[in-house]
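Have a look at the sequence and the 3D view before reading on.

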Amino acid sequence: IMFSLPVALVGAFLGLYLTGNTFNIFSLIGMIMLMGLVGKNAILLIDFCTNLRREGMARTDAILEAGYIRLRPILMTTATVVFAMLPLAMKLEEGGESRAPLAVVIIGGVISSTLLTLVLVPSVYTILDDAKEAIGALSARLRRRRDGTAPAHGVAVMQASMVPPPVRGGAED
């Protein structure tokens with residue numbers, strides 16, 4: 001979820017640059033609002049994917065299903081925010097010049113994050129899930145080695161049940 005936030009900042013700064021607006025207190029307030037919107041979109045996607053996996057769906061199928069089902073709410077949120085901020089970004093009212101950077105930051109950030117989050121968040125989710133599985137497997141292997149239930153790498157561990165009985169015979173028998 002947190003990987004979607006820098007993508008939004010790229011769009012926010014690009015929007016400020018392209019429109020010639022300055023980075024000021026209003027654009028900073030817009031960035032705070034933007035982080036909430038972008039985080040919500042990523043949470044919608046990841047939460048739904050996690051629920052599908054809990055129901056037994058495979059990871060790739062869950063990601064594809066979550067992307068398909070949550071695409072409409074994410075696009076609706078993006079469209080609502082963009083169209084609501086357009087009048088403010090176009091500086092149509094008196095004093096709009098000072099508040100326009102807020103709208104530009106939100107519009108640029110929401111558009112870039114929507115386009116890139118739908119690709120970036122599932123990709124990072126897959127990478128982190130693979131890393132989690134690898135760390136879990138390594139942890140289990142180390143735990144077995146520590147408990148003595150598995151041989152150390154390349155070294156045979158002799159247990160008491162593996163020692164052959166003494167050979168009888170000779171002068172004492």
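This is a predicted model: local features need pLDDT of at least 70, side-chain atom pairs count only at pLDDT 80 or more; totals for chains, interfaces and linings use all residues.

In soluble globular proteins, nonpolar side chains tend to be buried together. With that in mind, let's start with the core.

**Inside the protein**
- The largest nonpolar core has 20 residues, and those with the most contacts inside it are Leu34, Val81, Met85, Val105, Ile106 and Val110.
- The largest share, seven residues, comes from α4.
- Leaving aside residues up to four places away in sequence, Ile106 touches Gly30, Met33, Leu34, Leu37, Val81 and Met85.
- Apart from this core lies another one of eleven residues, including Leu45, Ile46, Cys49 and Leu52.

**On the surface**
- Some nonpolar residues are out on the surface too: Phe13, Phe23, Ile25, Leu28, Ile29 and Ile32 form a patch there, with about 610 Å² of accessible area together.
- Helix α2 gives the most to this patch, with four residues.
- Phe13 belongs to helix α1, and it counts as partly exposed because its relative accessible area is 44%, between the 20% and 50% cut-offs.

**A look at Asp129**
- Asp129 is buried, because its relative accessible area of 7% is under 20%.
- Asp129 touches Arg53 and Arg59, not counting residues up to four places away in sequence.
- Asp129 and Arg59 are 70 residues apart along the chain, yet their C-alpha atoms are separated by 8.9 Å.

Technical notes. Residues are numbered from 1 along each chain as its sequence is written. Side-chain values use heavy atoms; hydrogens and water are left out. A nonpolar core is a set of buried Ala, Val, Leu, Ile, Met, Phe, Trp, Tyr and Cys residues joined through side-chain atoms within 4.5 Å. Buried means under 20% relative accessible area, exposed over 50%, partly exposed in between (1.4 Å probe, protein chains only). Helices (H or I, at least four residues) and strands (E, at least two) are DSSP runs, numbered from the N terminus. Contact means heavy atoms within 4.5 Å. Patches are made of residues with over 30% relative accessible area and no salt bridge: like charges are joined within 9 Å, nonpolar side chains (Val, Leu, Ile, Met, Phe, Trp, Tyr) within 5 Å. Accessible areas come from the Shrake-Rupley method with a 1.4 Å probe; for residues, only the protein chains shown count as cover. A salt bridge is a side-chain nitrogen of Lys or Arg within 4 Å of a carboxyl oxygen of Asp or Glu.
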